[in-house]
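Work through the exercises below with the sequence and the model open.

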Amino acid sequence: MPDCRYFLFTMQIILNGQPVDTADQTLRELIAEQGFVPDAIVAEVNFELIKKEHWQQHVLQDGDTVELLSFVGGG
Amino acid sequence: MSSRMGTQWSCSVLLEAVDVTEYRKTANDALLLGGVRFSSRLLTGTGKFASRELIAPMLAASGSEMITVALRRVDPKAGEQDILRYIPPSVQVLPNTSGARTAEEAVRIARIAREAGCGDFIKIEVITDNRYLLPDNAETLKATELLAKEGFIVLPYMMPDITVSKQLHDAGAAAVMPLGSPIGSNRGLEMKAMIKRIIESSKLPVVVDAGIGRPSQAAEAMELGADAVLVNTAIATSSDPVMAGKAFALAVQAGRLARLAQLAEEQEYAQASSPLTGFLR
């Protein structure tokens with residue numbers, strides 16, 4: 001069971017079009033917690049590309065729109 | 001063979017001479033896209049392969065030096081999805097903007113692709129028609145203009161239209177990519193007449209993209225004067241994509257050489273190949 005701190009720090013973001021409740025502070029934490037393979041990912045927060053080296057410093061805010069993208073097969 | 005040619009030696013000299021002629025014709029025949037030289041005129045795609053492990057051997061067999069990829073949301077449950085690791089570093093990655101329905105969405109995808117380290121090449125693909133997957137030329141033109149200003153090497157997938165082709169040139173495109181027929185349809189050059197007119201009038205390289213289902217159709221496009229073709233579905237969905245890649249490469253080369261050789265025009269009636277005099281009668 002989450003304690004009171006969970007409710008204190010939790011926020012809702014939109015991750016790849018879906019609302020997600022999270023207590024993660026940074027983009028890097030979010031990517032790890034959600035089970036993504038960091039090497040294969042391109043991350044965009046609020047339509048702005050965040051380079052991999054800045055994931056650690058990038059603090060997420062309630063209501064952020066996060067896109068985690070990858071190159072796939074296509075013509 | 002040696003009885004007619006004299007000796008084996010002279011025969012091999014003759015073959016060498018043929019090779020040299022071929023070389024002279026084709027050595028300076030590189031495809032130039034945005035100032036980058038490509039010796040192969042076959043562009044390929046990474047879509048629809050049964051196994052991604054087939055992409056590298058297909059590239060090796062076909063000699064293709066440029067291959068398309070798409071950008072999509074990741075599903076972490078689907079495991080490793082990054083297609084880039086299956087493409088050898090010597091091959092130019094060409095990200096497409098598939099999924100974009102407007103110029104703005106295409107621009108957004110292009111910027112992400114470049115930031116992700118894919119370089120300056122971008123294939124613009126703006127589609128709102130889900131049945132035939134035909135491109136929206138107006139939005140494509142808008143996206144081309146915006147991205148060319150940002151220094152992208154823009155290859156727009158387009159509905160064959162001479163006026164739009166000229167506008168894309170003025171907007172800074174590096175080539176135009178008219179479709180042969182709908183994506184993945186294997187219907188060949190349904191747009192042949194319009195593509196021919198674009199080839200005749202375009203100052204930009206013309207890459208026939210989409211719908212090429214057989215090597216003979218690729219050769220047909222090259223004979224027509226296309227500068228290159230882009231083939232994905234036909235190679236990827238064949239039973240042997242490596243062999244199919246090779247077959248398309250040979251067809252593209254044959255079509256290109258035929259174009260350079262300036263074949264004679266079609267005739268309505270027979271034109272005898274043997275002399276019409278001195279018959280034994």
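**Exercise 1.** Which residue just after α8(B) takes a positive phi?

Solution. This is a predicted model, in which local features need pLDDT of at least 70 and side-chain atom pairs count only at pLDDT 80 or more, while totals for chains, interfaces and linings use all residues. Residues are numbered from 1 along each chain as its sequence is written, and chains are lettered from A and ligands numbered from 1 in the order in which they are written.
- Find helix α8 of chain B at residues 215-224; helices (H or I, at least four residues) and strands (E, at least two) are DSSP runs numbered from the N terminus.
- Just past this helix, G225(B) has a positive phi of about 115 degrees.

**Exercise 2.** Determine how α8(B) is covered and what it packs against.

Solution. 
- A residue is buried if 20 or more other C-beta atoms lie within 10 Å of its own, exposed if 12 or fewer, and partly exposed in between, with C-beta atoms placed from the backbone.
- Seven of the ten residues of α8(B) are buried, so by this definition the helix is mostly covered.
- Among the buried ones are P215(B), Q217(B), A218(B) and E220(B).
- The buried residues pack against β9 (207-209), β10 (228-231) and α10 (241-260) of chain B; contact means C-beta atoms, placed from the backbone, within 7 Å.

**Exercise 3.** Locate the residues that touch the most other members of the largest nonpolar core.

Solution. 
- A nonpolar core is a set of buried Ala, Val, Leu, Ile, Met, Phe, Trp, Tyr and Cys residues joined through C-beta atoms within 7 Å.
- The largest such core has 94 residues, and V154(B), L155(B), V207(B), A218(B), V229(B) and F248(B) touch the most other members.
- Helix α4 (residues 103-118) of chain B gives the largest share, nine residues.
- Not counting residues up to four places away in sequence, L155(B) touches residues including L33(B), F121(B), I124(B) and V207(B).

**Exercise 4.** Describe the contact between chains A and B.

Solution. 
- Chain B supplies 29 residues and chain A supplies 20 residues.
- On the side of chain B, β4(B) gives the most, with six residues.
- Strand β5 (residues 65-73) of chain A pairs with β4(B) in the antiparallel sense over five bridges; pairing requires at least two DSSP bridges.
- Within this region, F71(A) stands opposite L71(B).
- The predictor gives the complex an ipTM of 0.81 and a pTM of 0.85.

Conventions:
Two residues are in contact if their C-beta atoms, placed from the backbone, lie within 7 Å.
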